[in-house]
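Subject: A structure for you to explore

Hi there,

Here is the structure I promised to pass on. Please open it beside this email, and then read on for what turned up in it.

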Amino acid sequence: MAAETPFDGAFSNFSGLNCVANIQAVALSLGKLVRPGGRVLICLSSRFCAWETLWFLSRMNVSKAFRRFTGRTIASMNGVSIPVWYPSIFSLQKAFSDWFHLRSFRAVGLFVPPSYVESFFRRHESFISLFENLDRALAGLPFLRCFGDHVLLDFERIQQ
């Protein structure tokens, strides 16, 4: 353990870790920085998003509909190519296992649609409240929690 006082926890949101090729290096660094019993919450884009697949298939865009399935894609932003990884829950659990125990994970955006579908739902706002309630009630269920736009993982630092 480092001489300085370790952190009580860490949080990563907005899929920043989807742009990291070596997630195990992140786990190692966090393992050195987070005290035993501390928590690490990670929210990243999931390997399979039901909304995304259905949305892009309905628009006959097969490549976008299945872009996450391989676990890696290239995003283009302002002419710059950015590699993006979609690790499985199992691979994340394995990468963090030397330092952390996976306490739980749940879908984020299981029923609530991704932002690129928002224009459609502005015309159908009554659905959003229903979808938010469904997310709260069902996003943690074992089968469904893998199908959201994102997944929120809750790791606890183990004793060494």
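Which residue takes a positive phi in the hairpin of S3 and S4? That residue is Asn78, with a phi near 55°, and the hairpin has two residues between its strands.

Before going further, a word on the source: this is a predicted model, where local features need pLDDT of at least 70, side-chain atom pairs count only at pLDDT 80 or more, and totals for chains, interfaces and linings use all residues. Residues are numbered from 1 along each chain as its sequence is written, and side-chain values use heavy atoms, with hydrogens and water left out.

Helices (H or I, at least four residues) and strands (E, at least two) are DSSP runs, numbered from the N terminus. Strands S3 (residues 72-77) and S4 (residues 80-85) run antiparallel and are joined by six bridges; two strands pair if DSSP finds at least two bridges between them. Ile74 has Pro83 in S4 as its bridge partner. Thr73, also found in strand S3, counts as buried because its relative accessibility is 19% (buried is under 20% relative accessible area, exposed over 50%, partly exposed in between, with a 1.4 Å probe and protein chains only).

Next, the open sheet. Four strands form it in the order S1-S2-S6-S5, with mixed pairing. At its edges are S1 (7-12) and S5 (100-108), each pairing on one side only. Eight bridges join S5 to S6 (residues 150-157), and these two run antiparallel. In S6, Leu152 is the bridge partner of Arg106.

Now for the rings. The structure holds ten aromatic pairs (rings of Phe, Tyr and Trp, the last by its six-membered ring, pair if their centres lie within 6.5 Å; planes under 30 degrees apart are stacked, over 60 edge-to-face, the rest tilted). One of them is Phe48 with Phe69, edge-to-face at 5.1 Å centre to centre and 65° between the planes. This pair links distant parts of the chain, 21 residues apart. Phe48 counts as partly exposed because its relative accessibility is 24%, and Phe69 is partly exposed too, at 37%. Phe48 and Phe69 also belong to one aromatic cluster with Phe66, Phe143 and Phe147.

Finally, look at two arginines. The charged end of Arg59 sits over the ring of Trp55, 3.4 Å from its centre (NZ of Lys or CZ of Arg must be within 6 Å of the ring centre and within 35 degrees of the ring normal). Arg145 lies over the face of Phe105, at 3.9 Å from the ring centre.

Happy exploring!
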